[in-house]
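Have the sequence and the 3D view ready.

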Amino acid sequence: MATSPPNPRTIWPYAIIAVFVLFAGYIGFMVQQAMRTTVDLVSPDYYQQELAFQQRMETVARTAALPAPVRLRHEAAARLLTLQLPADMRGRRIQGQIRFFRPSNQRLDFTLPLQPGTDLQQRLSTARMRPGLWRVRLDFTADKHNYFVEEKIILYP
């Protein structure tokens, strides 16, 4: 009687198991990294802001209907931000605030009061602000009418 040669061992079952183990390890690593990442919402009161969306749209429409636009000019070399209100606002009682919003880091957000001079300009230094994308939101009232302007500025180092 002839004996059959012994079956050569194949590595395929081990390779398939190794691929599954490596894939599971990679998925575990990615889940761990995702859990460690901080995700800041747009703002803490995001849902209340959504409820006021219609009022905001009316305010934006009223601002767009002004005879001259509210101008926000960034002078990078001088590290200066100049806010210019329209000339027809002269003599009106103006109150409001300027919000500086940093989408990438909520802790850098801050608010300043709107205090235009007699020339309806307000100059703000950007020297202490970190480089990157900022949203500047101007929310003000003139003679009981609300106005809103939002502009993006990019500060370079």
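## A pair of rings in the hairpin

Tyr-147 counts as buried, at 5% relative accessibility (buried means under 20% relative accessible area, exposed over 50%, partly exposed in between, with a 1.4 Å probe and protein chains only). Phe-140 is buried too, with a relative accessible area of 1%.

Before going on, note that this is a predicted model: local features need pLDDT of at least 70, side-chain atom pairs count only at pLDDT 80 or more, and totals for chains, interfaces and linings use all residues. Residues are numbered from 1 along each chain as its sequence is written, and side-chain values use heavy atoms, with hydrogens and water left out.

## Rings that pair up

The structure holds three aromatic pairs (rings of Phe, Tyr and Trp, its six-membered ring, pair if their centres lie within 6.5 Å; planes under 30 degrees apart count as stacked, over 60 as edge-to-face and the rest as tilted). Phe-100 and Phe-110 are stacked, because their ring centres are 4.6 Å apart and their planes are at 15°. This pair links distant parts of the chain: Phe-100 sits in strand 3 and Phe-110 in strand 4, ten residues apart (strands, E, at least two residues, and helices, H or I, at least four, are DSSP runs numbered from the N terminus).

Is Phe-110 buried or partly exposed? Its relative accessibility is 28%, so Phe-110 counts as partly exposed, while Phe-100 is buried at 2%. Now back to Phe-140 and Tyr-147: their centres are 5.2 Å apart and their planes at 20°, so that pair is stacked. Ring pairs also link Phe-100, Phe-110 and Trp-134 into a cluster.

Four strands form an open sheet in the order 4-3-6-7, with antiparallel pairing (two strands pair if DSSP finds at least two bridges between them). Strand 4 and strand 7 are the edge strands, and each pairs on one side only.

Strand 6 (residues 132-142) and strand 7 (residues 145-155) run antiparallel and are joined by eleven bridges. In strand 7, Glu-150 is the bridge partner of Arg-137, and Asn-146 is the bridge partner of Thr-141. Two residues lie between the strands of this hairpin, where Asp-143 takes a positive phi near 50°.

## Charges over rings

Arg-137 turns up again here: it lies over the face of Phe-101, at 4.8 Å from the ring centre (a charge sits over a ring if NZ of Lys or CZ of Arg is within 6 Å of the ring centre and within 35 degrees of the ring normal). Arg-56 lies over the face of Phe-148, at 3.8 Å from the ring centre.
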